[in-house]
Each structure stands twice: as C-alpha cells, then as structure tokens.
Amino acid sequence: MTFTTGTNASATVSPDGTGLVIEVQGVLWSLPRSGGTATALTAPDLEPTRPAWSPDGSAIAFCAYRGGGFHVWTMAPDGAHPRRLTSGPWDDRGVSWSPDGTRIAFASERGGDPVRGSSYDIWTVDVAGGELTRLTSRPDVEDYDPAWHPDGDRVLFVRADAAGARTLASVPAGGGEVTTVRTVGTGALMCPAVSRDGRVAHVWTAGGTRAAAATSSLVVDGRTVSGTEDVSPLPPYWTPDGGLLYFADGRLKALDPALQPARDVPFTASLDVPRPEYRRKTRDFDSTARKAVRGIHLPALSPDGASVVFAALNALWLMPLGTRPRKLFQAAPSRYVRMPSWSRDGRSIVYAYDGDAGGDGLAAVHRLRPDTGEDTVLATGGRLNPALSPDGDRLACQDTTGNLLVVDLASGTETRLAAPLGGNGLPGRPSWSPDGRYLALCDRNRLNQRFREGYNVIRVIDTRDGSATAFLPLPHTSVSDRCDSGPVWSPDGTAMALVVESALWVLPVGTDGTPAGRPRRITDEPADHPSWSGDSRRLLYLCGGRLRLVARDGTGRRTLPVPLAAARRLPPRTDVTRVHAGRLWDGTGETVHEDVDIVITGNRITAVERHRTGAGRAGERRIDASASTVVPGLWDSHTHPYQNIYGGRQNSLMLAYGVTTTVSLGGFAHEGARLREASDSGAVAGPRLLTTGELIDGSRVAYSMGRAHHTADGLRRTLRRAVALDYDFVKTYVRAPARTMAEAARTAHEELGVPAGSHLLTPGVQVGQDLTTHLTATQRQEYGRSASATGHSYEDVHAVYRGGRFEIIVTPFNALYLLGDDPALADDPRVTVLMPPWDTVTVQALARSRPTEDQLRDLGGEMATYRRIVTEGGTLALGTDSPLTPVGLQLHLGLRALHRYGGLSPAQALRTATVVPARMFGAEDDLGTAEPGKLADLTVVDGDPFRDFTDLTRVSWVMRDGIVHRREDVIGPHRLTAGRAGGDTEHWREVGRLLRSESCCAP
C-alpha cells in the first residue's frame, strides 16, 4: 500500500527544524522537512500515536497500544531503542515533553479503582528514572491532552465535564491549583500546543451530528487560522521558527510564523501488508442427513445431579444422565424459548417465552413441572433471566433494559432492586444465596466518561434494601461475558462458579458473597454456562458444544453424551416449482429480464426460461409473480442475534423485509450454534444464519456479548471453542491488541476457512484480517483512522480498500433519518405489528421529522466514500448492525441511501446485499444470484424497483431453500399480541434509548 495522505494523522518536527516524524495509519514514519519519501520506523503491532520530539532532538515520545493497553514510549529518531516508560493495567494517553526534556506529561486513569472507575488525570513521568507524579485529581471531570508551557512551570490541558470538552485549563508542573485558560461555548476543544513565545493552538470541532462534526478547525489564541480546512483532531506542532505543522484535508500542512495560508508538505509512504490466502470453508447446503446437535444452549444441572435441562432446536429438553433427552416444550417457529433454570427443590423449571396466546408478545416467565406438564405464567411484560429463590416464594428476573426485579409470587408484587451499571446488553443471570438474602450477577462498569469500556464485575445485591457491592474475580480481569458465565452461587453458600479467561473457576465466598480467598481454575478447556449439583460437589458446563461434568476440585471430568440429532429442512428433491416472474434481476449484471419462469427443483434453481403460457407440466407447483419483480434473496451482512431480548421477532422481521441470509458479527457462541441449527431444521422460521461467537476483546469490554481476555491462554481457549462450534466468521473487538487480531485471523483462515475482521482499519489490514465491519465505529484511539472528525475519508483509506483485496461491510446508520422522507414506512404492519414497542415508537417518531441539513450532509459524505470504494473496484457489502437499528427496515433504508445519495444504480446497490456478501463469505457457488444451480433464495417485490427504487420495501414473499414464506404468514402469528404491551409511548421510547445507550455507532 502507498499512502500520500493521512486520515486523522499527526506530525512532529525536530528541534532544529530539519526532520519530521508523522503518524499515518498506525505507523510512525520519518520524513525530510520539505517532504518526499517517508521511511517506516515502527511495526504495525506497536500501534503508536501522537509523536512528540524531545527538546534536545535525541528521542521521540509517543503513546502505543502494544500488548493491550496504552502506555508512554520513547525511541530514537531513527526508530531504534524503543522503550516503554509506563506500564500496568491503566491507559496512559497523549504525551508532551517538559522544556528541559527530563519529564513527559500524559493523561492517565492510574490512581483510580478498577471497580468504582477512574477518570483521566494529568501525570508526569521522569524519563530517566520512571518516577510518576500526579498533577490533577478530580473524579467528576476528565483531564487529558496535556501540553507543557515553554516556561516549564505549568502544563495546559483539556478539562471535560458533563457539558463536554469546553475548557482549556492549566496546572502547576508539580501539581496544585487548576486555573482556567480559555473556554468555548459550543463544540469541543482538544489537543492544545504552546509555542515558544506562549501562543496557544488547539483543535476545535463544532456543529454537526452525533456521527460527525460540521467543522474541525485549528485555532490560535482564539482565532481560527485554518479557514475551511478539515483539521485532524490530533495535536498540531509548533515549529522552531514559530510556524505550525498539522494535518488537514488528509494533507500535511505547514503555516509560516505569520500563520498565513498553509502550504502542503507532500509525502509518499509505502508499506507491505499480508494478503490473506486460504482454502475457503466447504458448505453443504443440500444434505438432509441427520447430524448431532451442536447448539446445546444454557444447560442446567438438576439439584439431584441426575438430569439436565437445556434449550436446543427452539425447544426445552430434559435429559436424565445416560439416556435420551425428552422434549418438554416446543416453541412455535415464530417465537423463541430461552433461559431455563431449576427450582431449588428440583420439582419445577422456570423459563422465558414470548409466544403465549393471551400474552403481549414480550417474554414471559413460566414455571413448568416436568412430572405433570403443568405450566404457569409467573411474570409478563418482557421478563428475562428468571431464577427462583431457594424457598420458591420469589422470582428474580430482569426487564428488557436489564433492571433487576424481584417478584413476590404470592402477591404478584414486583420490586425493582437495582439498575444495571452500564449499557450494551443485559447483565448476567442472577443467582441466589442459599439463605435467599442476596443475589449475585455479572454486570459491567464504566471506568470513565471518555471511553465506554469497563470490566465485567461480580455484583452482589442485598434483597432487603438494594445495597450492593462489586468486585473483580482477579485484578483487572473480567468475568468472560455477561451471558451465563456466572457467578453461580453454590447451594452450600461457600463458593461461586464463574468463567474467566474462557475457563471454569471456583471462587470461595462468605455468606454475603464477599470473596474468602483467591479463585481456583478447575479446567483448562473452554467453558460456558456453569451450574451446580444440589450437594455442591459437581459442576456442569458446556465445552464447545459438549456437556461436561467435573468435580468441584477439578477432578473427574467427563463428557455427558447428548443423543440428539437434527436434519436440514428442504423440499423433496422431486418437487418442482415454477415461478412466473414479471421481472427478474438475477444479480449477474444490470439487465432486468421480463416475463420469465424460474424453475426450482427441490431447493435449487434448475432453469430460468421464457415464460410458458398455458397449463404447467404435471406435478409442477405454479406461483404467479407476473406483476412482481424477483431478485436474489437479500443478505444483511452485519447483524447481532438479540433473541434473548427480541425473541422470535428478529427472525420474522428479517423474512418480512425480504432477507433470506443474515450474518452474525457478534453474539453468544452457543446461542449462535443453536439458532443456526434451529433455522436450518425449520424449528425457527427465519433467514439462514452465518454465525460467529462473542466479540473477541481485551481485558475490558463494552457489550454483554464481548468476550474478555487478559491472557494468551484465555484467547487460546476462545479460539478452540470457535473451531469446535464451526464459526462462519471470527471478529475481534475494540480492545483486542494486534497480536490477538493476528491470532484470530490465523485461526479463522487456517482452521475454519472463513474471514476475520474488526472495527479497525489499521492494524486490521496489517495483521492479516480480511475486512472491517464498518467504515467508522468505536475505536480504541480517540479517533480512528478511517474517517475524520467531520466524516471525511482521504486517499490513505481508499488505498486500503482499493481493488477489493481488503473488504468492507458498511452500516450507514444515518440512513435511518430517511424515514422522514417516507413517513408511510412507519404505518406498515411490519413496524406496527412485528417490531417490539420500543422500536415501533422510535420508527414512528423519526418518520414525523424530515432529515435535517446536517444529517443529509453527513449521509451524503458517507455515501460519497462508498461510491468511490465501489468505483475503484472495492468489495463493499451492506449491513445494518441490527437490532441497534430497526430490524429488516434498516437494510432498505441503507439501500435507498446508496442509490439516492451514493449514486449507485439499482443493480449496483442490490449487489451490496446479494452478490457481494455471498462472495465475501465464501458462498458464491450457492447464493447471491438467481441462476441455474444456485439455491432457491428469492425476494419477490410488488412493483418495479428498477423504475422506482422505493418499491423494494414492498416485499410480498420470499423463498428460502425453495420454501415460500409469504408476508402475511410471517406477520399473522404476531397480530394477536400486537398492541398489548403495557406502557405508553414515552415509556417505550425510554426503553429504546436505554437499549441503545453507549452503543458503538447508532444515531
């Protein structure tokens, strides 16, 4: 790759003014002062940022993420002798040299608490001896972006409070009283730099939307000096002669001492990167042979240790050890059953289900007695993760937003006990103490307000008054995830079982849940979903699709066979269906064929031919779509299975909007395996699902579905589990360091034959990943390297995507605002009946307002980037990140945006949701086009989207694997419960807001 620009790049100049060091796409480069050919100084896995030259010219300071945390580093100007000056679990960001070169100022979380959190403060480190000094300490604000004053007596920095980053402050170099230097009334100021004569430059972003600022400007002593340039939101650098060096519009700029219009400093930076080549996964879409079920989900050991209850194939099963499982309950194909657990006496099982005939369409908690089949509803209105108290008199559960509730079963009184600590998914399942006083669960804190990540902590709540304590299982180490990784209280009250670093651990605790010693790891294999036997001597857990039983001390591990099999549901191979299509776009080009017959034999297209009038051949089934347009079945290439909250609606919505294949880019691993099997077998009516597991992250996480890793052993176990569960994609997340990203890509390619990707353009492309899952989304840097603060992507970004060898899935969130251009979309029964109430009110509210000028500007700029990627031969597929956006509907809004604002033809836009994703995920031999030999996946639209592209939303039916799903058949089962959910519009709007709070990117 060759770069001639830098998106969100930065620069520093040598004290004598003859040399430059720039940071472009995660690499530090040396460059002559006048520009020219740049020389790489650092390896991609270092991930350096914000370089600063020492006053004596002997060293470059910078921050780097190598190993999974930001720290202060130095190196020689030629890249030799890299040395880390700070260490530990806290992030250290942003560097500035003292004028005498003996100290470096930086911003850090250190000094805080990993459970209660830690704001950023200003610190210094002694370069020679490593001594640390804290200059500021105020927990209700965030202090960052230090800049040493040339007098050496004080450090300037940005102070952000609840209103935002509006204050430039100063603190004495040894610590002391903070004074205000400058404030702004709007926008955000950042990255101050002080000249030798005391002038203060900083970057100021203002206006715009949540997605992008309207302007990003360079300001000196209150005066904008950058004109209309798009200034990089990273520190400018004063030159020895009093000029300024900075990046703007992707270019390296130099202002003279009079701060006159800037001149460009041209550069060319070339870098070799790996191009992944591997044998792609072999898929058998035609086999109807029965295969052992891998998707065992949320197993629970009975108190007597003799049986296991679990979910699989959209049903609840009871399996006495050593025998075949018996089906207790089969959910309707349009619904979803989940979260079984035992009563302490072993006589009943509680679970959650959204399909009650007289219900409200949200999950209700049921109590089932396996011996009699008696089934009783205990709680309604979207109640999840149920757990009965030891005496059976109370039910602990969570509502849709994760509030912990306790229901008195005799009176029906429901008490809200505790709100979740953070957003991004439900806390873990609650577990009762043996005396029924306390509830323990896994929750996620937020360390500070600059970045959303925190730790999955163990939280213990007193049911008498709601008071709570929280702690980590090991220092700066998370519980693995918030699905069902514990803590699970032992019936004797002396321990909690939990999954940490993807292994099973036992933590000794007191009666109130306080740790009574260090946890002990009792497995070295992947572990999930632990549960105790009633005598507290054994633990059941899942290991890559297998049920395993182990003694409390880690001995006697054995596998419990589960003799359960399922087959793919396909039409008989002798069945012939003839679809008369008024128009067919087959995906192979721009041409739309008129008046054709699509002949399907079994589950595959066998012919596309001119329509034959008259009677069909004997035995053929004929379907009239002569007034319709047929296109290949649509793909949504970026979804997250949120069936734990959405239930069966998520699948129904996808089908109703014409989606026949979805790709999970993050979900709970065993649930993904379960959903894939349930969909393929017909137990769930929904699109085909390509799966992944949890987001592979570092020691800190955001989402419930993030998998935390502090050690190489933890990563090894997680990747072992990925292979065992046969992932279709491997995704790393924001805090996973480069070495983790590289190892995940190696496993994906060599052991699974599937692609790997992440949010990160770099180092993703440099460590062998295949793609990014967005253009812009949450990054570990203050700003990523794919789009500027105002939403512009420059030549370096296009150099990565050009030619299609490194790919992109785009998720145009701002397309949601296009609802205001077509309010009728909000009156569609797919919105009013199929969507949950929190999404219905959100869609209806957006439909009442036309898009603003800022929103359309953002959308237009984003679409221009996508158009260029496509024009330059890039591989671009469309996704939605649903259900962070309205399920199904968002795909159509994204397609409209690509067509209307991106200038793509209808066929070009449709390729991003058909042909391209099929090729991206290695399924192009079977899917993506409507040609003979391909699977019979079709989307049938009333109208002609090639004349009026908005017709594409008018999906009347879809065919998946030769099986027809008509729109009313999909909507119909949900009509009985539509509108029954309690709560007014404001209540459900708040539910939607909470569900999307702290999300990576949704508007």
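The second largest pocket is lined by 35 residues, and Trp53, Ser96, Trp97, Val194 and Tyr237 lie nearest its centre. A pocket here is an open set of points on a 1 Å grid over the protein atoms alone, with protein on both sides within 12 Å along at least five of seven lines; lining residues have an atom within 4 Å of a point. The elements that give two or more residues to this lining are strands S2 (10–13), S7 (48–53), S11 (92–97), S15 (142–148), S19 (188–194) and S23 (237–238). Strands (E, at least two residues) and helices (H or I, at least four) are DSSP runs, numbered from the N terminus. The volume of the second largest pocket is about 730 Å³, taken as the space filled by probe spheres set on the grid points, which are joined across faces, edges and corners.

The model is predicted: local features need pLDDT of at least 70 and side-chain atom pairs count only at pLDDT 80 or more, while totals for chains, interfaces and linings use all residues. Residues are numbered from 1 along each chain as its sequence is written, and side-chain values use heavy atoms, with hydrogens and water left out.

| Class | Lining residues |
|---|---|
| Nonpolar (Ala, Val, Leu, Ile, Met, Phe, Trp, Tyr, Cys, Pro) | 23 residues |
| Polar (the others, Gly among them) | 9 residues |

The protein as a whole has 14 helices and 70 strands. Its C-alpha atoms fill a box of roughly 85 × 75 × 50 Å along the principal axes. Of the 1003 residues, 65% are buried, meaning under 20% relative accessible area with a 1.4 Å probe, protein chains only.

Helix H2 (residues 649–656) has 8 of its 8 residues buried, so it is largely enclosed by the rest of the structure. Just after H2, Gly658 takes a positive phi of about 90°.

In helix H8 (residues 837–847), the buried residues include Trp838, Val841 and Ala847. The buried residues of H8 pack against helices H1 (643–646), H7 (829–834), H10 (889–900) and H14 (985–996).

Thr811 sits in the loop between strand S66 (807–810) and H7. Thr811 counts as buried because its relative accessibility is 4%. Leaving out residues up to four places away in sequence, Thr811 touches His638, Thr773, His774, Glu862, Tyr866, Gly879, Thr880 and Asp881, a contact being heavy atoms within 4.5 Å. Thr811 and Leu891 are 80 residues apart in sequence, with 8.8 Å between their C-alpha atoms.

Conventions:
Buried < 20%, exposed > 50% of the residue type's maximum accessible area, 1.4 Å probe, protein only. 1 Å grid on protein atoms, 1.4 Å probe; cavity = no way out; pocket = protein on both sides within 12 Å on 5 of 7 lines; lining within 4 Å.
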